[in-house]
Amino acid sequence: QKPQTKADMAARKVVELDPGYFLVDKDDEDAKYIAASIPGFDFKDIPMFFDIGGLTANPRAFGLAIDIFVERYSKMDVTSVCGLDARGFIFGPPVALRLGVPFFMMRKAGKLPGPTMEVPYETEYSKETLSIPCSAVRPGDRVVIFDDLIATGGTTIAAANLIVEAGGVVAEVAVITAIAFFKGWQKFRASLPQLATVNIFAIVEATNCLTMPKGSTATYKVGAGTEEHKRLTAAMKVAKPWPEDVLIRTGEGDAVAFTTAPRGPKSLREEKGEAYVPE
């Protein structure tokens, strides 16, 4: 990957699409490349679960995402970086390292040793608790919160509330992908007076990710060493690196077969229209 110049960084266009919601311009070549690295699957009753594992499997896309975050936060007064359990642990540490500031984890309850602070919250599916080490946030610390995605904003709101309760200031929330339909940034800003002017920054809007070929979005288990596994491996050998090509499974039992096909070339928005809403 060619290193970016200062001119490249200064030229990046970031658009405020709604008060408090900032997005890298959809025509930015780096943002388009990152969007092309994020597949979507039918997972946990979500028809289009955006999988940032595709991004991390692509070193160039992963590096570009970190570059974009570093560009933005090197210009801000940032004391530390917080990663939300668990995908925030992927993007937060390399950014913190490049900025030369501490990184700390915000984990689910019972996962951290030593003295901790906690905040309970509810999602659409369950009741959860987030925790941080008591030593992670000092009064006045300016913290950037990292996660992979923002939709309704429930987890992000809880995380920000805990940082504020610990005496810190939320400098910004950074995500790879935002599902704009839910307007999670509005709920976030309305949740606490201290968050009323805090921004959400995303690299990619979910509907700018590429479409998946028919038959490629199912979630299923494959036994290691089975005939199914051998057929899957054979299909992968002639495919382009994942997630550029994705697996398509047909048939059942002894008749199961695998092929591969590329994602796209259209985005979800282009394929389904401007009114498309990722569920």
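**Overall fold and salt bridges of the predicted model**

The protein contains nine helices and 13 strands, where helices (H or I, at least four residues) and strands (E, at least two) are DSSP runs numbered from the N terminus. The radius of gyration, taken over C-alpha atoms, is 20 Å, close to the 19 Å given by the globule rule for 279 residues, so the protein is as compact as a globular protein of that length. The globule rule is 2.2 Å times the number of residues to the power 0.38. The model is predicted: local features need pLDDT of at least 70 and side-chain atom pairs count only at pLDDT 80 or more, whereas totals for chains, interfaces and linings use all residues. Residues are numbered from 1 along each chain as its sequence is written, and side-chain values use heavy atoms, with hydrogens and water left out.

Across the whole structure, 16 salt bridges were found; a salt bridge is a side-chain nitrogen of Lys or Arg within 4 Å of a carboxyl oxygen of Asp or Glu. One of them joins Lys-32 to Glu-29, with the closest N and O atoms 3.1 Å apart. Both residues lie in helix 2 (residues 29-35), three residues apart, about one turn of the helix.

A salt bridge also forms between Asp-148 and Arg-87, with a closest N and O distance of 3.7 Å. Because Asp-148 lies in strand 9 and Arg-87 in the loop between strand 5 and helix 5 (88-99), this pair ties together parts 61 residues apart in sequence. Asp-148 is buried at 10% relative accessibility, while Arg-87 is partly exposed at 34% (buried, under 20% relative accessible area; exposed, over 50%; partly exposed, in between; 1.4 Å probe, protein chains only).
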